[in-house]
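Here is a briefing on one chain. Please look over the sequence and the model, then read the points below.

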Amino acid sequence: MTAGPELENSQGHQRNSWRLRLAKWLSCSERMHQRADLRAIADDPHLLADLGITRDEALEQGNAPFWP
């Protein structure tokens, strides 16, 4: 006996849902690390100049929430 279209769609949706959650988690994790890095370099004028941002801009972005 083969699975009907309802079961196949349900399983496909569950797989996609899991992948979407993982992708969202990875994105938030990456953003959290980037913001921590910005806070860490906020007092280094040479690195800030390389990025083309001011200390205040680095701290503003670094302190923003990591979720969208």
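What pattern does the chain follow, read along the sequence? The pattern is α-α-α. This is a predicted model: local features need pLDDT of at least 70, side-chain atom pairs count only at pLDDT 80 or more, and totals for chains, interfaces and linings use all residues. Residues are numbered from 1 along each chain as its sequence is written, and side-chain values use heavy atoms, with hydrogens and water left out.

**Fold and totals**
- The chain has three helices and zero strands. Helices (H or I, at least four residues) and strands (E, at least two) are DSSP runs, numbered from the N terminus.
- Of its 68 residues, 16% count as buried. Buried means under 20% relative accessible area, exposed over 50%, and partly exposed in between (1.4 Å probe, protein chains only).
- The chain exposes about 5,700 Å², and carbon and sulfur atoms supply 57% of that area. Accessible areas come from the Shrake-Rupley method with a 1.4 Å probe; for residues, only the protein chains shown count as cover.
- Take the contacts between residues at least 6 apart in sequence: 48% of them join residues at least 24 apart. Contact means heavy atoms within 4.5 Å.

**Nonpolar core**
- Leu38, Ile41, Ala42, Leu48 and Ala58 make up the largest nonpolar core. Such a core is a set of buried Ala, Val, Leu, Ile, Met, Phe, Trp, Tyr and Cys residues joined through side-chain atoms within 4.5 Å.
- Leaving out residues up to four places away in sequence, Ala58 touches Leu38, Ala42, Leu48 and Ile53.
- In soluble globular proteins, nonpolar side chains tend to be buried together.

**Surface patch**
- Trp18, Leu22, Trp25 and Leu26 form a nonpolar patch on the surface. Together they have about 470 Å² of accessible area.
- Patches are made of residues with over 30% relative accessible area and no salt bridge; like charges are joined within 9 Å, nonpolar side chains (Val, Leu, Ile, Met, Phe, Trp, Tyr) within 5 Å.
- Leu26 sits in helix H1 (residues 5-41). Its relative accessible area is 44%, so Leu26 is partly exposed.

**Arg35**
- Arg35 lies in helix H1. Arg35 is buried yet has no salt bridge (a side-chain nitrogen of Lys or Arg within 4 Å of a carboxyl oxygen of Asp or Glu).
- The nearest side chain of opposite charge is Glu60, 9.8 Å away. Lys and Arg count as positive, Asp and Glu as negative; His and the chain ends are not counted.
- Beyond its neighbours within four places in sequence, Arg35 contacts Gln61, Gly62, Ala64, Pro65 and Phe66.
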